[in-house]
Amino acid sequence: MTIASVPVSGGARRRLRGYAEIGGASLVLGTSGSLLMVSHAPATLLLVLRMALAGLVLGPLFLLGGGVAEVRRSGHPWRLVSIGCTVACEMLFYFAAIRLAGVAIGIALEYMAPVYVVIVAPWVLHTRRERSDTAAIVVAGAGMALIVVPTLTTAGSAHLVPGVVCGLAAGGCYAAALLQMKGLGDAIRGTTYTLFFCICTVMLVTPLAVWQTAAGHYRLTGGDVAIVAVMGLVYTALCFSLFTDGLRFVPVEHAGIIGYLEPVTAPVWALVLVGERPPLSTWLGGALIIAAGALAIALGRAETEVPA
């Protein structure tokens, strides 16, 4: 039997689809931090406009594609609201971390989330903790230290402390959202999740965005309108929908690790687009965090395959 004639099981196709959706979305999202640095608009305003635009695109798809019935069948409408609020907090902290601490540090700290997932998943998802999990946590902690500590010891680094705190908070919220979404299984499509992200973010962040915009006497520029369009249509409506849809088909731990394509490419885009040159310790720390995730996957027990 030739390789070409080996049938691919439905479960394998589902996994491949999940990995492709998560990986493709993460590669594109690697540019998001640099685009945020290019804009001079308040981060909260960018966030609200981005999510509002994506919501306007996804809303009709939700209504015409049976989204209301889908939410009812899931039996957990308030869980979706909770996930939406968690993602709203994650994005607010993430934007603040990028603005305060830079692209490399902000994204690296947010992507401690898979390590947090490994720590708490046995209690939340009732899975068995593997011995490799402890090794992954230690390696990731060392990587985070390599990224953060050298920066905090440089001149003027006291201004970066709030950025580090925001980055850690973003990672915690990201992990919480991943666990909540995986807890719903494959009942909800990615576009439905993303619409709830948009609605909850607009509702929670708009008052702060109005206050910051008015206090700073900011007026929206043509460049910022273009940035909002890219963030809303490409990053949110497309990439968020792909990423969350992929979660239906792969273990949550694997989704977090595949998502490391974003922080891996983010420093490269930051160098190309905004001239931010991370120190060698940042690259080494990022490599260790990625290695920690690889340990969790390569040495851990594979999740039982979901039937097609």
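Arg-189 is partly exposed, with 28% relative accessible area. This residue belongs to a predicted model, in which the count comes to four salt bridges.

**View 1. Arg-189 pairs with Glu-70.** The N to O distance in this salt bridge is 3.0 Å. Glu-70 lies in helix H4 (residues 67–74), while Arg-189 sits in the loop between helix H9 (161–183) and helix H10 (190–215), so the contact ties together parts that are 119 residues apart in sequence. Glu-70 is buried, at 4% relative accessibility.

**View 2. Arg-17 pairs with Glu-21.** The closest N and O atoms of this salt bridge are 3.2 Å apart. Both residues belong to helix H1 (residues 10–29). They are four residues apart there, which means a separation of about one helical turn. Arg-17 is partly exposed, at 40% relative accessibility. Glu-21 is buried, because its relative accessible area of 13% is under 20%.

**View 3. Arg-17 also meets Asp-245 in a salt bridge.** Here the N to O distance is 2.9 Å. Asp-245 lies in helix H11 (residues 222–246) and Arg-17 in helix H1, so this pair ties together parts that are 228 residues apart in sequence. Asp-245 is buried, with a relative accessible area of 7%.

**View 4. Salt bridges link Arg-17, Glu-21, Asp-245 and Arg-248 in a network.** Among its members, Arg-17 is partly exposed. Glu-21 is buried, and so is Asp-245.

Terms used. Residues are numbered from 1 along each chain as its sequence is written. This is a predicted model: local features need pLDDT of at least 70, side-chain atom pairs count only at pLDDT 80 or more; totals for chains, interfaces and linings use all residues. Side-chain values use heavy atoms; hydrogens and water are left out. A salt bridge is a side-chain nitrogen of Lys or Arg within 4 Å of a carboxyl oxygen of Asp or Glu. Helices (H or I, at least four residues) and strands (E, at least two) are DSSP runs, numbered from the N terminus. Buried means under 20% relative accessible area, exposed over 50%, partly exposed in between (1.4 Å probe, protein chains only).
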